[in-house]
Structures are given as C-alpha cells and as structure tokens.
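Please read the points below with the model open beside you, and check each one against what you see.

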Amino acid sequence: MSIWHQRWAEGRIGFHRSLTNPALTDHWSKLQLDPSTHVLVPLCGKSLDMHWLAQQGHIVNGVEFVEKAVTEFFDDWSRTPQKTVRKFGEKFSAENINMYLADFFKVQPDDAPFSAWYDRAALVALPPSMRKQYVEQLRDLTLPGAKGLMVTFDYPKEEMKGPPFALSDEDVELFFEPFFDIERLQFTDLKEEEDSELSRCSLSVFMLKRH
Ligand SMILES: C[S@@+](CC[C@H](N)C(=O)[O-])C[C@H]1O[C@@H](n2cnc3c(N)ncnc32)[C@H](O)[C@@H]1O
C-alpha cells in the first residue's frame with residue numbers, strides 16, 4: 001500500500017480544498033486556450049478544480065491511483081460515472097470529466113497527447129527522485145506547443161520532510177527547461193500570510209509551454 005492509499009483510507013487528505021484554487025481562476029485565462037481544449041490533470045485527487053475547468057468548456061482528464069478518491073469525486077458530484085476497462089486501469093466518465101484510475105507513470109489516456117494540463121500539488125507530491133520521470137511522462141502525454149499551469153511550494157528542504165516536497169526555482173529550471181519554456185506568473189511569500197514553523201515558505205505559479 002502506498003502512502004497515498006494509506007492517507008486516503010485514514011481520511012488524512014489535508015491537501016484537499018473545498019473551494020476552487022485561486023491560482024487556477026486567477027491565471028488560467030493567460031494560457032489563452034480554446035474552450036474545447038482537452039486538459040490533463042495529473043495526480044488529481046478529488047479536486048474541485050476539475051469542475052471549474054469543465055465549466056470553462058474543457059474536457060477534463062484526471063489521473064488518480066486511489067479508488068476512494070475517484071469514487072468520492074463522483075459521489076460528491078451526485079453522478080454515476082460510466083466505467084470502462086483499459087489495460088493500464090479503469091476510466092470513469094460523466095459529462096465532460098474523465099478520471100483514470102491508474103498510475104500516472106503507466107497511464108495512456110484515450111485523448112492523449114494533450115494541448116493543456118494543470119498541476120496543483122502533483123509534482124510537489126512526489127519525492128525528488130521521481131521528478132525526472134514525472135516531467136518525462138508529462139512531455140510524452142503532451143503535444144508540442146501544449147501549455148500548462150503549475151502551482152508549487154518552496155521552503156528550506158532541511159526543515160520539513162514532504163509531501164509537499166520543496167521545489168526551488170533551480171529545480172523547476174533543471175527539470176523543465178529541456179522540454180518546456182518557463183514563465184513565472186505569481187510568487188507569494190506565505191510566511192507573511194501563515195503562521196508556519198518554516199523559516200521561509202513561498203508559493204509560485206508557473207506557466208509552462210512545451211517546445
Ligand atoms: C497532494 S494530492 C493532490 C491532489 C489534487 N491535485 C488536489 O489539488 O487536491 C496528490 C494525489 O496524487 C495521488 N497520486 C500519488 N501518486 C500517484 C501516481 N503515481 N499516480 C496517480 N495518482 C497518484 C495521490 O493519491 C493523491 O490523491
């Protein structure tokens with residue numbers, strides 16, 4: 001059982017938000033996407049951000065490997081999804097939201113490659129040793145010119161064991177620069193907003209464009 005299966009089983013899902021993420025509503029329009037664009041949401045949990053994306057007209061494709069998260073997403077939405085079996089897992093669909101119950105590193109969504117993606121608490125949920133693999137899978141699942149919005153955290157690595165794992169600007173450049181153009185859209189010093197034990201803590205929002 002992964003730490004994530006354990007966390008979902010025990011209801012330790014402090015990362016889940018009951019409102020749409022402001023980083024998404026503030027910045028998504030900067031990607032200048034056609035409403036009909038299909039959007040990939042890696043490591044989606046049961047995020048309500050998927051509803052907001054669907055309300056913009058997008059076809060949303062979440063990927064999540066804990067069944068409880070997928071079930072709760074559709075239950076909370078009062079929808080009974082249509083379920084289809086794929087060789088890497090299962091696909092659950094209702095209206096314009098598909099959720100793949102699958103390991104992100106093995107998934108091959110029907111609509112891939114995508115022109116857009118949204119990462120909130122996805123890359124930073126993974127240990128640093130999996131970052132290269134994540135970025136390469138993202139590259140493989142997206143088209144040249146594809147655009148993504150990514151929300152990250154940074155803090156002194158030695159002060160806390162993730163998740164979320166600290167992702168510095170150097171890390172973002174190191175992993176994304178070979179395949180993506182990087183533009184920072186927001187930097188927020190969380191130290192000023194939250195009572196944290198960390199000596200430094202910030203949130204960044206990046207727009208990424210696949211070469
Ligand atoms: C920190 S949570 C963030 C969820 C969501 N993005 C949000 O903003 O609420 C990370 C999620 O990724 C899922 N996850 C972790 N590793 C995964 C993998 N290899 N494949 C698919 N899902 C994964 C976990 O079960 C968890 O629900």
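At what angle do helix H5 and helix H6 pack, and how far apart are their axes?

1. Helix H5 (residues 131-140) and helix H6 (residues 169-176) pack at an angle of about 50°, and their axes are 10 Å apart. Helices here are DSSP runs (H or I, at least four residues) and strands likewise (E, at least two), numbered from the N terminus, while axes are lines fitted to C-alpha atoms, for helices over the stretch in contact, with angles running from 0 to 180 degrees between N-to-C directions. H5 and H6 are therefore oblique to each other, a word kept for angles that are not under 35 degrees (roughly parallel), over 145 (roughly antiparallel) or 65 to 115 (roughly perpendicular).

2. Please keep in mind that this is a predicted model, in which local features need pLDDT of at least 70 and side-chain atom pairs count only at pLDDT 80 or more, whereas totals for chains, interfaces and linings use all residues. Residues are numbered from 1 along each chain as its sequence is written, and side-chain values use heavy atoms, leaving out hydrogens and water.

3. Two peptide bonds deserve a look: the one from Ala-112 to Pro-113 is cis, with omega near 0°, and Pro-113 lies in the loop between strand S5 (97-101) and strand S6 (114-120). Another cis peptide bond joins Gly-162 and Pro-163, with omega about 0°, and Pro-163 belongs to the loop between strand S7 (142-154) and H6.

4. Leu-43, in the loop between strand S1 (38-41) and helix H3 (49-55), has a phi near 50°, which is a positive value in a residue other than glycine.
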